[in-house]
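Subject: Structure handover

Hello,

Here is the structure I said I would pass on. Please open it and keep it beside you as you read.

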Amino acid sequence: MKKVFITTVTGEVTPGVVKAMANVTREVGGEWVTSKVIKLDTLFAAMMKVNIEENDETSLKSRFNAEFPTLTFSYAEPTQEQSASTRTLHLNVDCGDRPGLTREIVDMLSNLNLIIEHMEFNRMHVSTIGQTVFSSKLALAVPAEVSNDSVVELLEGIAKDARVSILAA
């Protein structure tokens, strides 16, 4: 019988570590249904949805811990998929930076009961304009009754120079 679980891995980036984890998974008879990896400075985080025979799950987890002792692994059962009445909205938000901007965006999305599927925030100093600019990419699970325009309008209200654009999926 097949078993599906989510593995979250964090640790220091080393060449080939993701490939090595994939190889171990295949050697034990599992497969990654989907995965996401992000690198930030010298660290990385990865999430993989693993499909494996139920009796091989413990073996795979043991091999991960034995072969990658400097990495931290955690495991969770997958939750239900996004409901049919929810769609994913991909956005870019750009504006001048200021303290509390990230918190304000996250609070606003939370108050709308939107689920953040992906969130990336970056700040860059632009010497030609003499200020720091804020740029973010968001993927949000949006209920059918909430319009794209209303989400864009609320996000544009976070700053007078905010520009929000909807991206194709």
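Below is what turned up, from the overall fold down to single residues.

Please note at the start that this is a predicted model.

**Overall layout**

The protein has four helices and eight strands. From the N terminus, their order is β-α-β-β-α-β-β-α-β-β-α-β. The radius of gyration is 20 Å, while the globule rule gives 15 Å for 169 residues, so the protein is more spread out than a compact globule. Along the principal axes, the C-alpha atoms fill a box of roughly 55 × 40 × 25 Å. Buried residues account for 33% of the 169. The exposed surface comes to about 10,400 Å², and carbon and sulfur atoms supply 53% of it.

Now look at contacts between residues at least 6 apart in sequence. Of these, 70% join residues at least 24 apart.

Which residues have the most contacts inside the largest nonpolar core? They are Leu-91, Ile-105, Leu-140, Val-151, Leu-155 and Ile-158, in a core of 21 residues. The elements giving it two or more residues are β5 (86-96), α3 (101-111), β7 (131-143) and α4 (148-156). A second core is separate and has 16 residues, including Val-9, Phe-44, Leu-60 and Phe-64.

Strand β5 has two partners to look at. With β7, β5 pairs antiparallel over eleven bridges. There, Thr-86 has Pro-143 of β7 as its bridge partner. With β8 (residues 163-167), β5 also runs antiparallel, joined by five bridges. Leu-91 stands opposite Ile-166 in β8.

**Around the second core**

Phe-44 sits in strand β3 (residues 43-53). Is Phe-44 buried or exposed? Its relative accessible area is 5%, under the 20% cut-off, so Phe-44 counts as buried. Setting aside residues up to four places away in sequence, Phe-44 touches several others, among them Val-9, Val-13, Val-18, Met-21, Ile-38 and Leu-71. For a sense of scale, take Thr-132, which is 88 residues from Phe-44 along the chain. The C-alpha atoms of these two are separated by 26 Å.

Helix α2 (residues 57-67) has Glu-57, Leu-60, Lys-61 and Phe-64 buried. Why do these residues line one face of the helix? Seen down the axis of α2, they fall within an arc of 95 degrees, so they share one face. An α-helix has 3.6 residues a turn, so residues three or four places apart point the same way. The face of α2 turned away from the buried side carries exposed Thr-58 and Ala-66. The cover over the buried residues includes β1 (2-12), α1 (17-27), β3 and β4 (72-76).

Most residues other than glycine have a negative phi. Two residues here go the other way.

- Asp-41 has a positive phi, near 55 degrees. Asp-41 is in the loop between β2 (31-40) and β3. Its relative accessibility is 65%, so Asp-41 counts as exposed.
- Asn-113 has a positive phi of about 60 degrees. Asn-113 is in the loop between α3 and β6 (115-126). Its relative accessibility is 63%, so Asn-113 counts as exposed.

Best wishes

Methods:
Residues are numbered from 1 along each chain as its sequence is written. This is a predicted model: local features need pLDDT of at least 70, side-chain atom pairs count only at pLDDT 80 or more; totals for chains, interfaces and linings use all residues. Side-chain values use heavy atoms; hydrogens and water are left out. Buried means under 20% relative accessible area, exposed over 50%, partly exposed in between (1.4 Å probe, protein chains only). Contact means heavy atoms within 4.5 Å. A nonpolar core is a set of buried Ala, Val, Leu, Ile, Met, Phe, Trp, Tyr and Cys residues joined through side-chain atoms within 4.5 Å. Two strands pair if DSSP finds at least two bridges between them. The arc is that of the directions from the helix axis to the C-beta atoms. The radius of gyration is taken over C-alpha atoms; the globule rule is 2.2 Å times the number of residues to the power 0.38. Accessible areas come from the Shrake-Rupley method with a 1.4 Å probe; for residues, only the protein chains shown count as cover.
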